[in-house]
Structures are given as structure tokens and as C-alpha cells.
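Hello,

Here is the structure to look over. My notes follow below it.

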Amino acid sequence: MPARRIQVDPQAPEGVVIGEGARVLAAGGLVAFPTETVYGLGADALNARAVARIFDVKGRPADNPIIVHIADLAALPALVLNIPAAARVLIARCWPGPLTLVLEATPAVPHVTRGGLPTVAVRMPAHPVALALIRAADRPVAAPSANRSGRPSPTAAQHVLDDLGDAVDLVLDGGPTPVGVESTVLDLTGPVPVLLRPGGVSLETLRELVGPVTLAAAEAGALEAAMFARSPGVRYRHYAPRTRVVLVEAGHDADPDSIVRTVRRLWDQGMRVGAMVTTETAAAMPPGAVVCVMGSRDDPETVAARLYAHLRELDDAGLDVIVVEGIPERGVGRAVMDRLRRAAG
Ligand code: TXA
Ligand code: MG
């Protein structure tokens, strides 16, 4: 039986729909729901058996912990042992919003939710459906992105159904998710905050609010082992369409020529080529090319919002290779480039 899908108003979610979602969560079921970033696959975070089902359904490695979502600050003390000063500032300024904080976990957080780590990742999503669902369920909700492990994250209910189908009990369809890339993950358990995953809240904003932030990704050479232990998720191949992705990093200046050259070269090898390019480059593409326009290179928010939908669309187009144009790493552009580099392997 395919998963039940119920439409829900993303701005003013209907009480009966939210009530049904809450009932499924309370019974240990799985509910896919929209957040401002991507769709999550939710379960009662404190119910180890319910959370174990998430790992099953996604095909997720057991040592990759899951973000716990809350709707009210009053839920935090039950989950974390302490709230450092930097966390207080970030919570005041960025929640609800696309920022996940890694803090010391209380014993109340099941082992399975934390992937065996002594820490727990917590966030308060800025989406009326997510907030209403968590409040109605009256419990923290563990939710990874609702894709099958290794696929691009879902930014529409249809993506969830395409990947997970009948393995989910209920899909709340609140339309496309506005941010389009996942939350920023910041580790606050050490003396200096460590950026584990760039996302919806930019590094610039974090540094403005709390001062120095270390980049886990930049240390990936020598400190690889240490970093992997800190954020198991970065070890796995992520965000990847099935079709090969070639990323053309343009550096600081737009260079339509290098993208067009890459497309032509692959064409000449007899490949079916798709291109994901910025508005600025689209006009230079050879006629007949399968082109997806990402948005302006100076508008990373728009590029992020459509990124995964475009990757899925091109992935379904029967191509041999997808050529993607890089954008500047400013603001959410950093998260876009992180995901594209992973997709390109
Ligand atoms: O925007 C988002 O964050 C979405 C929506 C649904 O909230 N969720 C999401 O979850 O992207 P997921 O599971 O796809 O990615 C969570 C990331 C993984 O890289 C995981 O390893 C990391 O957060 N993470 C979770 N708990 C952690 C912990 N205790 N310590 C370090 N990293 C952790
Ligand atoms: Mg994910």
C-alpha cells in the first residue's frame, strides 16, 4: 500500500491534519513533513524502536546520528546537559531556523538517536507545519532528510514518495520547501564552535554572532579521522544523483566559456549531456542542449531553493552526465557548493 499523503496548508496547517500526524508519531510511526530546509522523516526521538525504523527505511548506517527537532525552548533541558553561552546567543538569534546545534546529550536521548555518540544535534525548524506537528505530538521529533540514503534530499512531497514510497506511514504535503538545502550543523561541545556542515544559516552570520568558527571540512586532510568521529554523516557519499555529475568551478569570475567547452567536449564523446547553469551562462549554451537554469550567480538563495529538484529532474532525464556550474561561496552559496562537490564525488 502506498504511503498516505495528505495536503496541508504550509502557512496555516489544518488542525485535523496535524492531529493525524501527531497520532502516528505517538504510536511509534513515521511521518514525513516539510521543514523550511527539506522534508524530514520524523519519529518520536525518545522512542528507540521508532527511531530504529528510520534507519531501516532510509538504509542509513547505524553510526550516523539523527537531528532532534523541537518546537519550544522548554524542550531543550531534557535533551542536553548544558547550554553554553554561544548556544544561547545562536538560539536567540537563529531559532526557529536552519541551524542545528550539537551539544552534550542527556541520558534521556536514546543511543540509537545519537548514533552512539555522547552528543545530540538539536534544532527548531522555521516551518508552521513542522512546529505544529511537534507541538501536537508533544515530544521531540527525530528527523533526517526524508530521502533514501545517498539520494538528493527531498524538497517536495513527491520526492519523498519517489524514494521511500510505502515505507512511510504518512506524508504531509505542504508544497516545496523554501530554503532547499539542509540546516547548518555547528558543534558547540568544544572551546571553539566547529562548522560540521554548511547550510541555511551562513558562516558569515555565525561569525558575526559568536566570533571565530572552525571549519571541519577544511581540516579534512590531516584531521580526517577526528572529524569523521565528530560528524559521521560527512563520511558517506551524499546528495548524489545516479547520473554522473561534473562540477565546473568558475572561481570568482563567471566563465561561461569553460562550461560550454565542457558540455561540447562530452557531447563530442557521444554522451547525452545535461547542464545546470546560472542565468548569466544560459544564453551561451549551444542550441539543443538539455539545460536547467539555476538562477543568478548573485542570488544563492534562489539557486539553493531549486538545487535538489533540478538534480532530480536531470537525473530522470536519461542522461549520461550532468554538467553543473559552480557559484560563489557567499552566504548559502557555501552550502550549495558543498553539496555539489559531494554530488560530483
Ligand atoms: O535541514 C535539516 O537539517 C534536515 C531537516 C529535516 O531538519 N535534516 C537533515 O538531517 O538534514 P540528516 O540526517 O540528513 O543530516 C544530519 C547531519 C548528518 O550529517 C549527521 O551526521 C549530523 O547531522 N549529526 C547529527 N547528529 C550529530 C551529532 N550528535 N554530532 C555530529 N553530527 C551530527
Ligand atoms: Mg540527509
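The largest share of the shell around ligand 1 comes from β6, which gives four residues. Both β6 (119-123) and β10 (194-197) give two or more residues to that shell. Strands here are DSSP runs of E, at least two residues long, numbered from the N terminus.

A word on the basis. This is a predicted model, where local features need pLDDT of at least 70 and side-chain atom pairs count only at pLDDT 80 or more, while totals for chains, interfaces and linings use all residues. Residues are numbered from 1 along each chain as written, chains are lettered from A and ligands numbered from 1 in the order written, and side-chain values use heavy atoms, without hydrogens and water.

Now the site. 25 residues surround ligand 1, each with a heavy atom within 4 Å of it. The closest are Thr 37, Arg 60, Asn 64, His 69 and Ser 183. By class, the shell has eleven nonpolar, nine polar and five charged residues.

- Ser 183, at 2.5 Å
- Thr 37, at 2.7 Å
- Arg 60, at 2.8 Å

On its own, ligand 1 has 680 Å² of accessible area (Shrake-Rupley, 1.4 Å probe), and the protein covers 98% of that.

Last, confidence. The chain averages a pLDDT (confidence per residue, 0 to 100) of 92, and 91% of the residues score at least 70. Over residues 219-229, pLDDT is below 50. Where pLDDT is low, the predicted coordinates should not be read in detail.

Best wishes

Notes:
Polar contact = N/O pair within 3.5 Å; in protein donor to acceptor, adjacent residues only side chain to side chain. Nonpolar A, V, L, I, M, F, W, Y, C, P; charged D, E, K, R; others polar. pLDDT = per-residue confidence, 0-100. Contact = heavy atoms within 4.5 Å.
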